[in-house]
Amino acid sequence: MSTSAVHSLWTTAAEPISKIDTPKIEYGQLSPVLIIVGAAVVGVLIEAAVPRKTRYYAQVFVAVVALVAAFAAVVALAVGGYATTKSGIAAMGAIAVDGPALFLQGTILLAGLVGLFTFAERRLDPEAHGNRVDSFAAQAASVPGSDSEKAAVKAGFTTTEVFPLLMFAVAGMLVFPAANDLLTLFIALEVLSLPLYLMCALARRKRLMSQEAAVKYFLLGAFASAFTLFGIAMLYGYAGSVSYATIAQVVDGTVPDVTPALADTMGNDALLLVGSAMIVMGLLFKVGAVPFHMWTPDVYQGAPTPVTGFMAAATKVAAFGALLRLLYVVLPGLRWDWRPVMWGVAIVTMLGGAIIAITQTDIKRLLAYSSIAHAGFILAGVIATTPDGVSSVLFYLAAYSFVTIGAFAVVTLVRDAGGEATHLSNWAGLGRRSPLVAAVFAVFLLAFAGIPLTSGFAGKFAVFKAAAEGGAAPLVVVGVISSAIAAFFYIRVIVLMFFSEPRPEGPTVAVPSPLTMTAIGVGVAVTLVLGVAPQYFLDLANQASVFVR
């Protein structure tokens, strides 16, 4: 056998390899995300290179500049027509640049900026060893109550790493509602979740409770991520692609070229239904909908309050954005399958959140169950499956996020010797001791309850109207009943603050720096403006309600 013949046994003449195309990245359209990721990396370098005394100021400066610049970039893209006529897919099909994405990114950036002010607050606690302290542990790695922790407090250490962590979380949140394929969705989910798991464990006071909250959130979040990933694998098995547009075509049966392998899997509806259900389950966990809400009250109560406020607002915005895009862009062909399930989830979420909140005695747990009920109200808009449904959800998320951060900022002000006084009995008579703080908190509670002339009323009205027009009138009835139940415990807190005798040894109200005052002021302003004159913002949400595919 000649050597050439032997050689030809294991080699064949290959086609010359065509050039691998270089990736085409639209840096301008991705600029909001890139600015925030850049700031997060700079924040890590600041931790490594800048002396401890000046780190706090450098971190706050970098974070504020980045959030403002990224918001300016979002506005520039929207004004440039990327929200309407020029909307398209960027980054090799990974990210959608369209109205809903830009609207939600703008909301997340503003919520991040207001949340950052509460992170940077350093005047609420009395000074320790001549150093100002914030809400975060002096040294996160030291065991609570140990000598190393006492030494860190004495030396005036502060955990300035929370600022780059916040920026990484915001970066993940910006990509999450704009992701246009399942892998980008999953990576964004992890990038936004991991910093939150860490930040939940960093409370200066009640550190064991804070660490417990972080472990619960991490374990349950890992389960939810695993479900999501398994669902992604199943949808890939069904459609042979992770791209939203391709999966949607396979679901609709409009895919242009069906290969034999694809024809085999396309008939397998079990892959499609189970895969979709698992991904939706992962997103409902992030939203905090019943029955995936178990982490919410414990984590909201244990995490440092600035983190709770930021997480409650921004995570909801990002997760609802991703859920809308998945249901409206990828699975519109499955509407008859997912709508009944979402009906059930919305009903138990509205009623469950409202009823269990009545029994709560801790203000942070009460706000946690309130946020669960709000997730149910927003789901009513998602179920509408109309352009009005999308715009009402966008408006509700924008209104809700600022009220939430403002409310948690007020919670940080009411303090006793052990730190924040979150038990409801401590809030009795607050209206006599500090009428302004009690009045501001009452405004936020009325907005949560959906009382007219607050942003909560405008948001609820928009969502319920869209749901009713989308054929979900019974859902609206349940929503109104839930709102009435919820109004009971909000008004109970207001009555407690204004019509109860203050306890002689009750808590004091700390005088915040301009940072927290700004956060609370923005919350009140947005609540009143969106309540009294919502039309401009409803129109804005309406213009931004068309998904690109």
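Which helices each supply at least two residues of the lining of the largest pocket? They are helix 3 (52-79), helix 4 (99-119), helix 16 (387-411), helix 21 (514-532) and helix 22 (535-543). Helices here are DSSP runs of H or I with at least four residues, strands are runs of E with at least two, and both are numbered from the N terminus.

## About the model

This is a predicted model, in which local features need pLDDT of at least 70 and side-chain atom pairs count only at pLDDT 80 or more, while totals for chains, interfaces and linings use all residues. Residues are numbered from 1 along each chain as its sequence is written, and side-chain values use heavy atoms, with hydrogens and water left out.

A pocket is found on a 1 Å grid over the protein atoms alone, as an open set of points with protein on both sides within 12 Å along at least five of seven lines; a cavity is a set of points where a 1.4 Å probe fits but cannot get out, and lining residues have an atom within 4 Å of a point. Grid points are joined across faces, edges and corners, and a volume is the space filled by probe spheres set on the points.

The largest pocket has a volume of about 640 Å³. Its lining has 27 residues, and Phe-71, Phe-103, Gly-106, Phe-537 and Leu-540 lie nearest the centre. Helix 4 provides the largest share of this lining, 6 residues. Sorted by class, the lining holds 21 nonpolar, 6 polar and no charged residues; here Ala, Val, Leu, Ile, Met, Phe, Trp, Tyr, Cys and Pro count as nonpolar, Asp, Glu, Lys and Arg as charged, and the others, Gly among them, as polar.

The second largest pocket holds about 390 Å³ of space. Of the 17 residues that line this pocket, Lys-53, Tyr-56, Tyr-57, Arg-122 and Arg-132 lie nearest its centre. Helix 3 and helix 21 are the elements that give two or more residues to the lining, and helix 3 gives the most, with 4 residues. The classes here are 7 nonpolar, 4 polar and 6 charged.

## Enclosed cavities

The model has 5 cavities of 30 Å³ or more. The largest cavity has a volume of about 70 Å³. Among the residues lining it are His-374, Tyr-396, Tyr-400, Phe-448 and Lys-460. Helix 16, helix 18 and helix 19 (455-469) each supply at least two lining residues, and the lining divides into 6 nonpolar, 4 polar and 1 charged.

The second largest cavity holds about 60 Å³. Its lining includes Gln-29, Pro-32, Ile-95, Leu-102 and Ala-178. Helix 2, strand 2 (95-97) and helix 4 each contribute at least two residues. By class, this lining has 9 nonpolar, 2 polar and no charged residues.

## The nonpolar core

The largest nonpolar core has 185 residues, and Ile-36, Phe-176, Leu-379 and Phe-441 have the most contacts inside it. Helix 13 (residues 305-330) gives the most to this core, with 18 residues. Such a core is a set of buried Ala, Val, Leu, Ile, Met, Phe, Trp, Tyr and Cys residues joined through side-chain atoms within 4.5 Å. Setting aside residues up to four places away in sequence, Leu-379 has contacts (heavy atoms within 4.5 Å) with residues including Leu-284, Phe-320, Met-342 and Val-345.

Glu-190 is in helix 7 (residues 182-200). Why does Glu-190 count as buried? Glu-190 does so because its relative accessibility is 19%; buried means under 20% relative accessible area, exposed over 50%, and partly exposed in between (1.4 Å probe, protein chains only). The side chains of Glu-190 and Ser-225 are joined by a polar contact of 2.7 Å. A polar contact is a pair of N or O atoms within 3.5 Å; within protein, one must be able to donate a hydrogen and the other to accept it, and residues adjacent in sequence count only if both atoms are side-chain atoms.

Glu-47, in helix 2 (residues 31-49), is buried at 14% relative accessibility. Its side chain makes a polar contact of 2.8 Å with the side chain of Gln-59. Val-440, in helix 18 (residues 435-449), is buried at 17%. Beyond its neighbours within four places in sequence, Val-440 is in contact with Val-410, Ile-520 and Val-524.
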